Amino acid sequence: MRSDIPLLPAVPGVSFVRSLEDIHEYCLDANGLQILLSSDLAAPVAGFMVTYRVGSRNEAIGYTGATHLLEHLMFKGSENFNKEKGGTIWDLLETKGALVNATTWNDRTNYFEVVPREHLSTAITLEADRMRRAFLKEEDRVSEMPVVRNEFERGENLPMEALDKQLWALAYEAHPYHHPTIGWRSDIERVSIERLKKFYDDFYHPDNATVSIIGGFDIEEALTAVVKEFGTHTKMPTAHPAMHTEEPKQEGERRAVVKRAGHTNMIAIAHKIPAATHADLPALLLLSLILSDGKTSRLYRALVDSAIATDVTTQCYQFRDPSLLTSYITLAPRVRHEVVEKQVKQEFGKIITKGITAPELARAKRSLRAYTASRRDGPYALLSSLNEEIAVGDWTRFVTLPQALSRVTSKDVQKIAKKYLVDDQSTVGYFIATNA
């Protein structure tokens with residue numbers, strides 16, 4: 001914790017919570033809005049992001065994809081920023097050289113602007129307005145639905161996305177991670193504007209959000225602006241709808257096959273892993289790099305160097321609830337799926353029985369150190385990184401994760417491989433390209 005907390009300004013309407021390194025947390029007294037600040041007065045730009053703790057995890061059958069479709073509608077204007085008043089987000093910020101966008105994922109949705117520092121107050125005012133005063137109109141839903149459906153269809157044409165969708169749908173029977181973030185086609189086409197409005201009213205409140213401000217700004221001025229603009233909103237009058245579904249224990253390997261037109265065959269092998277804040281995650285992150293990061297990784301040497309695969313990648317998904325460690329392999333032409341699957345599992349078995357080497361661990365830690373350093377490479381990088389930690393439930397993990405990674409030993413990696421790389425907790429997917 002910092003020792004210079006008294007140097008931070010005291011602004012009426014907000015309470016200081018804590019500081020960790022150069023990131024300061026406040027709370028808006030009127031409504032519970034969480035505020036994270038990291039100021040660099042020398043920076044010419046400032047980044048502003050509102051992270052809502054809602055994503056596809058909070059959806060259900062009938063309105064899957066609601067978070068993503070709502071994201072599109074949130075750019076159609078709000079009470080004080082709209083076409084009729086000549087003050088859309090594009091008019092006010094993009095024409096000033098700002099980066100403006102939003103993203104949706106399993107556990108969160110964010111809306112952000114990276115602006116010349118003199119336009120930060122405009123970004124604050126705009127985001128505060130659409131937090132509770134966004135226009136959600138049927139005519140906009142009708143016009144945006146084909147755009148979202150087109151995104152869905154583009155994903156269907158990519159072997160990895162098509163396979164990944166089926167993998168998650170099979171790995172999760174009860175938990176909403178079963179649903180793709182973009183939603184299922186029929187829900188995208190048919191969800192009503194009334195259901196989208198209810199979703200907005202259920203989750204788009206200050207006590208379910210975090211404001212993050214990074215880069216060139218004065219802390220006192222920024223806090224004062226946040227109090228003025230966001231302080232007009234009240235807390236959700238009732239509790240936000242809770243997502244209480246837990247995935248039941250898996251009792252055996254599951255298998256999926258996707259057959260589609262294409263020229264590339266693929267395999268994905270996923271294993272259940274705990275939530276991002278679990279103590280085993282640092283070792284799992286290192287394991288994922290040891291498996292497929294670079295030409296010296298286990299799977300690259302076993303599969304690509306032997307010419308039975310053309311590409312390998314392992315992803316350790318870090319989510320609010322238990323997630324997946326997944327290896328994706330693109331097969332070389334005329335190589336059978338079964339051959340590659342057997343080789344992958346043999347590599348898993350070697351780590352389980354023999355462990356990893358000191359050089360392997362050192363390389364993985366160097367790679368993660370470079371990645372964690374890149375998370376501070378500019379306002380958007382820091383905003384985006386904080387956003388993901390907010391989503392999993394603990395922004396301080398942004399600061400503490402590097403130390404946790406440095407403490408992981410070779411024995412720790414072997415231990416978690418033995419614990420999680422278990423066939424009965426796995427889901428295997430084959431993508432079979434019918435034109436291959």
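**Group meeting: the sheet and its aromatic rings**

Let me begin with helix H13 (residues 379-392), which lies across S2, strand S3 (34-39), S4, S6 and strand S7 (209-215) and runs at about 20° to S4. Contact here means heavy atoms within 4.5 Å, and the angle is one between N-to-C directions, on a scale from 0 to 180 degrees, of axes fitted to C-alpha atoms, for helices over the stretch in contact. Helices (H or I, at least four residues) and strands (E, at least two) are DSSP runs numbered from the N terminus.

This is a predicted model, in which local features need pLDDT of at least 70 and side-chain atom pairs count only at pLDDT 80 or more, while totals for chains, interfaces and linings use all residues. Residues are numbered from 1 along each chain as its sequence is written, and side-chain values use heavy atoms, with hydrogens and water left out.

Now to the sheet, which is open, has 7 strands in the order S1-S2-S3-S7-S4-S6-S5, and shows mixed pairing; two strands count as paired if DSSP finds at least two bridges between them. S1 and strand S5 (99-104) stand at the edges with a single partner strand each, so one side of each has no neighbour in the sheet. On average, neighbouring strands of this sheet are turned by 15° against each other, direction ignored.

Strand S4 (residues 45-52) pairs with strand S6 (residues 109-116) in the antiparallel sense over 8 bridges, and Phe 48 stands opposite Glu 113 in S6.

Finally, the aromatic rings. Rings of Phe, Tyr and Trp (its six-membered ring) pair if their centres lie within 6.5 Å, and planes under 30 degrees apart count as stacked, over 60 as edge-to-face and the rest as tilted; the count by this rule comes to 19 aromatic pairs. Phe 75 and Trp 90 are stacked, because their ring centres are 5.3 Å apart and their planes are at 15°. Phe 75 sits in the loop between helix H1 (66-73) and helix H2 (89-92), and Trp 90 in helix H2, 15 residues apart. Both rings belong to one aromatic cluster, together with Tyr 52, Tyr 111, Tyr 200 and Tyr 204.
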